[in-house]
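Here's a quick walk through one model, with the cut-offs spelled out along the way. Have a look at it first.

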Amino acid sequence: MSVLVGKQAPDFTVPAVLGDGQIVDSFSFSEATKGKYAVVFFYPLDFTFVCPSELIALDHRMEEFTKRGVEVIAVSIDSHFTHNAWRNTPINKGGIGPVRYTMAADLAHSICKAYDVEAAAPAVAYRGTFLIDQSGLVRYQVVNDLPLGRNMDELLRMVDALQFHEEHGEVCPAGWTKGDAGMNASPAGVAEYLDKNADKL
């Protein structure tokens, strides 16, 4: 499996359902995310089991992603018409409701192959998550196997860590959360941080 961290995020243009429910034939990732942070969020299939819990949890945190200037794009190999049907199915009937982020249709499997998250069998995307900075560089990636759902609060924490590092130049030690002190990336900085915070690690 490829490591994309430190590399330009692969671009794509595919049909999609936008966060406002509009269906488009040509959603351009590079145009939609130009100058913004982005999360590309792969999941296996619409109308399944773990997937709705993840996508609903992601939608519940959209205000927080929006406040941080993050464009969220969910990707699966389903069509944009299936995405639309899933959005229009009530949660109590197996749907996800009108989620407020883009759902891209990777019918040709080209996106999951470009990000190297396609499972061998069945040929669906693993639960891959990619955080991309404003210049288009991948700064964080994690890939879960199909049965293992993700933690959306951890994803928000990573957005906060990236933005803290960009703003302050300091690095974020283990367990760092927004509001915590950072660490100077030097032997003295490490020693100072551990002296004050070793009991928290």
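## A strand pair

Strand 1 (residues 13–17) and strand 5 (residues 102–105) run antiparallel and pair over two bridges; to count as paired, strands need at least two DSSP bridges between them. Ala-16 has Ala-104 in strand 5 as its bridge partner. Strands here are DSSP runs (E, at least two residues) and helices are too (H or I, at least four), numbered from the N terminus.

This is a predicted model, where local features need pLDDT of at least 70 and side-chain atom pairs pLDDT 80 or more, while totals for chains, interfaces and linings use all residues. Residues are numbered from 1 along each chain as its sequence is written, and side-chain values use heavy atoms, leaving out hydrogens and water.

Seven strands make up an open, mixed sheet in the order 2-1-5-4-3-6-7. Strand 2 (23–28) and strand 7 (138–144) sit at the edges with a single partner strand each, so one side of each has no neighbour in the sheet.

## Asp-160

Which helix holds Asp-160? That's helix 6 (residues 152–168). Asp-160 is buried, at 9% relative accessible area; buried means under 20%, exposed over 50%, and partly exposed in between (1.4 Å probe, protein chains only).

Leaving aside residues up to four places away in sequence, Asp-160 touches Arg-68, Trp-176 and Lys-178, with contact meaning heavy atoms within 4.5 Å.

## Leu-194

Leu-194 belongs to helix 7 (residues 187–197). With a relative accessible area of 37%, Leu-194 is partly exposed.
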